[in-house]
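Subject: Structure handover

Dear colleague,

Here is the structure you asked to look at. My notes on it follow below.

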Amino acid sequence: MASMLLTSLRSSPLTSVQTAQFAARSLSTSVHLQAQVKSKKTLAKPGMKNIVLVDGVRTPFLLSGTTYADLMPHDLARAALQGLLNRTGIPKEAVDYIVYGEVIQEVKTSNVAREAALGAGFSDKTPAHTVTMACISSNQAMTTGVGMIAAGQCDTVVAGGVEFMSDVPIRHSRKMRKTMLSLNKAKTLGARLSLLGSIRLAHLAPELPAVAEFSTAETMGHSADRLAAAFGVTRLEQDEFALRSHMLAKKAQDSGLLSDVISFKVPGKDIVSKDNGIRPSSMEQLAKLKPAFIKPHGTVTAANSSFLTDGASAVLIMSEEKALAMGYKPKAYLRDFVYVSQDPKDQLLLGPTYSTPKVLERSGLTLNDIDVFEFHEAFAGQIMANLKAMDSDWFAQTYMGRKSKVGVPPMEKFNTWGGSLSLGHPFGATGCRLVTTVAHRLLKEGGQYGLVAACAAGGQGHAMVIEAYPQ
């Protein structure tokens with residue numbers, strides 16, 4: 001596939017010069033730009049409940065190993081839940097169900113949703129469960145809640161996600177674990193001594209959490225580097241996009257646009273009130289970094305990749321009828337969504353390319369109808385590769401079985417408040433950030449439709465259409 005893509009897509013319209021022009025246009029266009037007033041249909045469907053996003057919050061997203069380093073995942077999740085309660089004023093007993101996403105789980109709190117809910121003061125009669133779907137785990141949490149409301153099981157669901165990379169579970173080797181389990185069952189001193197005598201130095205080597213795809217044994221960074229090469233994405237294009245992300249995030253942060261961020265008093269430390277991974281640099285500085293995965297000729301570096309992040313998010317989802325009855329003014333409707341999966345080796349990170357046309361068709365919309373785009377930025381190369389794939393008739397026809405391409409989102413509508421490259425990417429929490437950001441941008445910019453899209457490990461992906469609530 002790689003050689004076919006390289007030959008057919010190297011001439012894709014998204015050249016390095018045009019990428020720079022897109023970035024410059026986005027930076028020079030005010031984030032307060034009002035979308036043109038359009039006469040658009042609502043996506044409400046006869047006989048189906050309208051499901052709304054009332055509000056969403058998140059803790060500040062911090063580089064792992066910094067201020068949150070001494071906490072546990074449920075501490076961050078609890079903080080997000082308490083922040084949502086404070087922001088919305090929802091009575092705890094009014095919440096019917098809680099769903100949380102998490103990827104690398106702390107063994108002591110395997111159902112982090114339940115532990116965080118109890119810690120945040122929710123009733124012990126409120127059920128809670130945890131889902132995992134790699135980088136779209138909180139997307140899955142939200143759509144699980146949407147499904148429960150649509151089915152009439154609930155009226156009010158809190159969904160969210162958390163990730164804590166400052167402390168990940170590190171196991172003994174399998175041989176050591178087997179020996180320790182056998183020791184626990186040994187009935188005599190002789191049996192115990194024999195087992196202890198069987199331990200070798202190699203048994204003591206720790207087993208770190210997997211950073212590679214189980215099915216392919218390839219790290220995501222390595223896959224991103226190959227994907228960028230297959231689509232002819234240059235190092236310059238990737239660095240330009242990464243710089244754009246940081247500059248737009250800094251502008252949004254300084255302008256007070258990141259209103260979903262709540263302040264969090266870290267026990268024994270200061271109050272944290274903003275993300276700490278936003279670091280605008282220069283093209284000259286970015287160019288100095290060496291490849292991080294494929295050495296020495298790769299193009300993916302630490303600067304054009306998302307960084308290991310600690311953080312949590314939470315959203316309040318309700319049926320429109322229930323929200324209005326309780327006096328809330330929703331921020332957005334949660335409309336159609338899809339999940340996709342494809343080849344985890346050569347198309348690991350192409351989730352947005354596959355999910356975007358599907359969700360648009362399901363909604364009866366085209367790319368031109370969308371006012372706000374929020375795509376998860378795992379790697380700058382991944383974003384640029386997806387944009388090139390979306391703009392290729394050949395790729396659509398050859399790999400997707402489609403007659404024509406879906407097209408490229410206009411960059412002046414695309415991730416204009418920064419993205420995962422700059423704001424951070426707590427694996428289990430990013431989905432809620434994307435959806436909340438779309439709702440806030442629609443309100444700020446006067447648009448009607450927003451689209452969230454994301455890739456995930458395992459070659460999976462997700463997209464959702466969000467409609468602004470009438471103001």
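Helices here are DSSP runs of H or I with at least four residues, strands are DSSP runs of E with at least two, and both are numbered from the N terminus. This is a predicted model, in which local features need pLDDT of at least 70 and side-chain atom pairs count only at pLDDT 80 or more, while totals for chains, interfaces and linings use all residues. Residues are numbered from 1 along each chain as its sequence is written, and side-chain values use heavy atoms, with hydrogens and water left out.

R244

R244 sits in helix α9, residues 235-254. R244 is buried and has no salt bridge. Buried means under 20% relative accessible area, exposed means over 50%, and partly exposed is in between (1.4 Å probe, protein chains only). A salt bridge is a side-chain nitrogen of Lys or Arg within 4 Å of a carboxyl oxygen of Asp or Glu. For R244, the nearest side chain of opposite charge is E377, 5.1 Å away; Lys and Arg count as positive, Asp and Glu as negative, and His and the chain ends are not counted. A polar atom of the R244 side chain does lie 2.8 Å from the backbone oxygen of M411.

Salt bridges

Side chains of opposite charge can pair when their charged atoms come close. The structure holds 19 salt bridges.

E207 and R171 form one of them, with the closest N and O atoms 2.4 Å apart. This pair links distant parts of the chain, 36 residues apart: E207 is in the loop between α7 (189-197) and α8, and R171 is in the loop between β5 (156-163) and α6 (174-185). E207 is partly exposed at 27% relative accessible area, and R171 is partly exposed at 44%.

Another joins E467 to R335, with the closest N and O atoms 2.9 Å apart. Are E467 and R335 buried or exposed? E467 is buried at 3% relative accessibility, and R335 is buried at 10%.

R402 and E361 also meet in a salt bridge, at 2.2 Å from N to O. R402 is in the loop between α14 (393-399) and α15 (420-423), and E361 is in helix α12 (residues 351-363), 41 residues apart. R402 is partly exposed at 21% relative accessibility, whereas E361 is exposed at 52%. Salt bridges that share partners also join R58, D260 and D275 into one network.

Helix α8 (residues 220-230) is mostly covered, with eight of its eleven residues buried. The buried residues include M220, L227 and D225. After α8 comes G232, with a positive phi near 65°. H297 lies 9.8 Å from D225, C-alpha to C-alpha, although the two are 72 residues apart in sequence. H297 is in the loop between α10 (283-287) and β8 (309-319) and is exposed, at 71% relative accessible area.

Helices α3 and α4

The axes of α3 (residues 73-88) and α4 (residues 112-119) come within 8 Å and cross at roughly 55°. Axes are lines fitted to C-alpha atoms, for helices over the stretch in contact, and angles run from 0 to 180 degrees between N-to-C directions. The two helices are therefore oblique to each other; angles under 35 degrees count as roughly parallel, over 145 as roughly antiparallel, 65 to 115 as roughly perpendicular and the rest as oblique.

Regards

Key
Polar contact = N/O pair within 3.5 Å; in protein donor to acceptor, adjacent residues only side chain to side chain.
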